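Here is a brisk report on one protein model.

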Amino acid sequence: MSAHALTALPPSSVPAFRGRIGRDARSGHYAVPRRYRLHLSLSCPHCLRTAVTHSLLGLDEVCPVTLLPAVPDGPGGEHSALRPLYEASAHHYPGAAVAPVLSDDWSGRIVSTHAPDIMRDLARHFGAGRDVLYPQGADAELEGVRRLCAQGLEAAAQRAGRADAGAEERADALTSLLCTLRALEGRLERQEYVLGNQLTAADVELWVSLVQLDTVHRWHLDADAVHRIAGHPHLWAYARRLAARPAFGPHLDLDGIARRHHARCRGLEAAGAAVQILDWAAHVPDSAPVRAS
């Protein structure tokens, strides 16, 4: 399965706020250092991707981060600490106040809750001289990998572990998941990173999906399925290599991911829960994660 094959898939959800930095002068969202703030819960995959990107770009002093608890304390995955921001940005906002959030400290309002836009804007407006996470001309490939991770890995793994699904449906989902893993294994057998020999935003997407696959989705798969998922040596060696990088591994809140998952999941635990693919903590460098302020 190619990355381009998934660019036509519909988006999974519509973000509540989708402003852009530097895109529309009428919005007033100019690229000014220390004007914007991230609100992240590292147990959330979208927040984890944003935190890794923030670290790869070296933005501790440019865009401060406020860390939220691993387990949301309100209905619908809401963080009560974010409710004032949501209310200030949309009067009587009816939905849940969820992370990630990029806020504007000047106005006290939300710029965006859409992680892909947030990461891209941080890279393009504040990431000069850092890793080229969004290479020119690679937009279609990057979007294809993002969809591949969302649908071919995470959604497929979720369907494969659904207790209320029939055996045929679960088997089809597992087949789809393994097909995606084989395609990625082939890429990483030939090259160091997903799109070649340079780390890009595609690697941030894939790494977090692999974290989710091992720390969340395997809880609802049988042991044979988890062993088959683990049987992609180049893919999981790649995951270990990235976990050892200071911008990746130190952001892993393994306990928080587990608590968040068990707090919201009503599915049945399966035998695969006992078959850990990677010892993630063993590969994390002794380095501080993103600093909250």
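## Core, sheet and helices

Leu 177 makes contact with Gly 152, Leu 153, Ala 156, Ala 157, Leu 213 and Ile 229, leaving aside neighbours within four places in sequence. The model is predicted. Leu 177 belongs to the largest nonpolar core, which has 82 residues. Along with Leu 206, Trp 207, Ile 229, Trp 236, Phe 248 and Trp 280, Leu 177 touches the most other members. The top contributor to this core is helix α6 (residues 201-215), with nine residues.

Now the sheet. Four strands make up an open sheet with mixed pairing, in the order β2-β1-β3-β4. The edge strands are β2 (65-67) and β4 (109-112); each has a single partner strand, so one side of each lacks a neighbour in the sheet. On average, neighbouring strands are turned by 35° against each other, direction ignored. Strand β3 (residues 101-104) runs antiparallel to β4, and three bridges join the two.

| Helix | Residues | Strands touched | Angle with β1 direction |
|---|---|---|---|
| α1 | 45-56 | β1 (36-40), β2 | about 135° |
| α3 | 115-126 | β1, β3, β4 | about 145° |

The buried residues are Ala 115, Asp 117, Ile 118, Met 119, Arg 120, Asp 121, Leu 122, Ala 123 and Phe 126. Their cover includes β1, α1, β3, β4, α4 (139-160) and α6. The length of α3 also checks out: at 1.5 Å a residue, its 12 residues should span 16 Å, and the end C-alpha atoms are 16 Å apart, which agrees.

Last, a residue of the sheet. His 39 sits in strand β1. Its relative accessibility is 9%, so His 39 counts as buried, the cut-off being under 20%. Which side chain does the His 39 side chain meet in a polar contact? The partner is the side chain of Ser 103, at 2.9 Å. Beyond residues up to four places away in sequence, His 39 touches Thr 66, Leu 68, Leu 82, Leu 85, Ala 99, Pro 100, Val 101 and Ser 103.

Conventions: Residues numbered from 1 in each chain as written. Predicted model: local features only at pLDDT ≥ 70, side-chain atom pairs only at ≥ 80, totals over all residues. Heavy atoms only, no water. Pairing = 2+ DSSP bridges. Axes fitted to C-alpha atoms, helices over the stretch in contact; angles between N-to-C directions. Contact = heavy atoms within 4.5 Å. Core = buried A, V, L, I, M, F, W, Y, C linked by side-chain atoms within 4.5 Å. Buried < 20%, exposed > 50% of the residue type's maximum accessible area, 1.4 Å probe, protein only. Expected span 1.5 Å × (residues − 1). Polar contact = N/O pair within 3.5 Å; in protein donor to acceptor, adjacent residues only side chain to side chain.
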